[in-house]
Amino acid sequence: VNGFNFLVGYNYNNARNDEYYPDGVATFLDDLSMQNSPNARHKFNVGGIYEVPFGKGRKFASSMNKGMNFVLGGWALSGIYQQVSGEFLRLPGALVSGNPAISNPTRDRWFDTTAFIPAPTYSIGNDSRTQPQLRIPGIKTFDVNMSRTQVIKERVTVQFRAEWFNALNTPQFGSPNGNVTATNFGQITGASNSRVVQLGLRLAF
């Protein structure tokens, strides 16, 4: 409508599969069990594109001269926001007692590590394949694009693009350490996908 288009999407995922408990012992014993899928339950996306209404063929200033139109006319803005809930945490080879979830998780203590102890050697832990109370950090990103296409002659165009991936530079934290015997068990020590700016020029003929 009036040069603006948008799309909204939502996906809900809930699956269970017959799988081996991921500690090697269940595979050796050929012991299949029904397990929850670790995949993220909720995915939400919204995207849109807006044709800036200035320049030749647009609502405003359509009669501006070629020089001004080259600089100010024909621009389009677009963006995509994505939010994904965290996947279920996997902690194989562990014995769990009680609910390890805490009300205020931090990177230094994502869950109650005292609820877990290593399973004895050559035995299967009593922890489920996926922790129903524990999730790894989710994803929140907002990508922005600004572009302009200039017609050089009938079959020749030049497109300039400026793109900002994770434009708000929202931290995308990794998974907490799931090794029960590690000194940093339950801690998040990594992050990824910081802001990236990309410029591009495309000639089509």
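Reader: In this predicted model, is asparagine 193 buried or exposed, and with what relative accessible area?

Author: Asparagine 193 is placed in the loop between strand S13 (191–192) and strand S14 (196–204). A residue counts as exposed when its relative accessible area is over 50%. Asparagine 193 therefore belongs to the exposed class, its relative accessible area being 55%.

Reader: What is the phi of asparagine 193, about how many degrees?

Author: Most residues other than glycine have a negative phi. Asparagine 193 is not a glycine, and yet its phi is positive, at about 60 degrees.

Reader: Where is asparagine 169 placed, and what is its phi?

Author: Asparagine 169 lies in the loop between strand S11 (156–165) and strand S12 (172–173). With a relative accessibility of 35%, asparagine 169 counts as partly exposed, because that class lies between the limits of 20% and 50%. Asparagine 169 is a residue other than glycine with a positive phi, the value being near 55 degrees.

Reader: How far apart are the closest N and O atoms in the salt bridge of glutamate 163 with arginine 161?

Author: Glutamate 163 counts as buried at 13% relative accessibility, whereas arginine 161 is partly exposed, its relative accessible area being 29%. In the salt bridge that glutamate 163 forms with arginine 161, the separation of the closest N and O atoms is 3.1 Å.

Reader: Which element gives the most to the nonpolar patch?

Author: The nonpolar surface patch, of about 810 Å², is made by Phe4, Phe6, Val8, Tyr10, Tyr12, Phe44, Tyr50 and Leu77. Two or more of its residues come from strand S1 (4–12) and likewise from strand S4 (42–51). Phenylalanine 4, which has its place in strand S1, is partly exposed with a relative accessible area of 38%. With five residues, the element that gives the most to this patch is S1.

Reader: What is the volume of the largest pocket, and which element gives the largest share of its lining?

Author: The largest pocket has a volume of about 400 Å³. Of its 17 lining residues, those closest to the centre are Lys56, Asn69, Arg148, Gln150 and Val151. Helix H2 (66–72) and strand S10 (139–153) are the elements that give two or more residues to the lining. The largest share, five residues, comes from S10.

Reader: How do the lining residues of the second largest pocket divide into nonpolar, polar and charged?

Author: The second largest pocket holds about 220 Å³ of space. It is lined by 17 residues, of which Glu87, Ile136, Pro137, Gly138 and Ile139 are the closest to its centre. The lining of this second largest pocket divides into six nonpolar, nine polar and two charged residues.

Technical notes. Residues numbered from 1 in each chain as written. Predicted model: local features only at pLDDT ≥ 70, side-chain atom pairs only at ≥ 80, totals over all residues. Heavy atoms only, no water. 1 Å grid on protein atoms, 1.4 Å probe; cavity = no way out; pocket = protein on both sides within 12 Å on 5 of 7 lines; lining within 4 Å. Points joined across faces, edges and corners; volume = space filled by probe spheres on them. Helix = DSSP H or I, 4+ residues; strand = E, 2+ residues; numbered from the N terminus. Nonpolar A, V, L, I, M, F, W, Y, C, P; charged D, E, K, R; others polar. Patch = residues over 30% accessible without salt bridge, like charges linked within 9 Å, V, L, I, M, F, W, Y side chains within 5 Å. Areas by Shrake-Rupley, 256 points an atom, 1.4 Å probe, with all protein chains shown as cover. Salt bridge = Lys/Arg side-chain N within 4 Å of Asp/Glu carboxyl O. Buried < 20%, exposed > 50% of the residue type's maximum accessible area, 1.4 Å probe, protein only.
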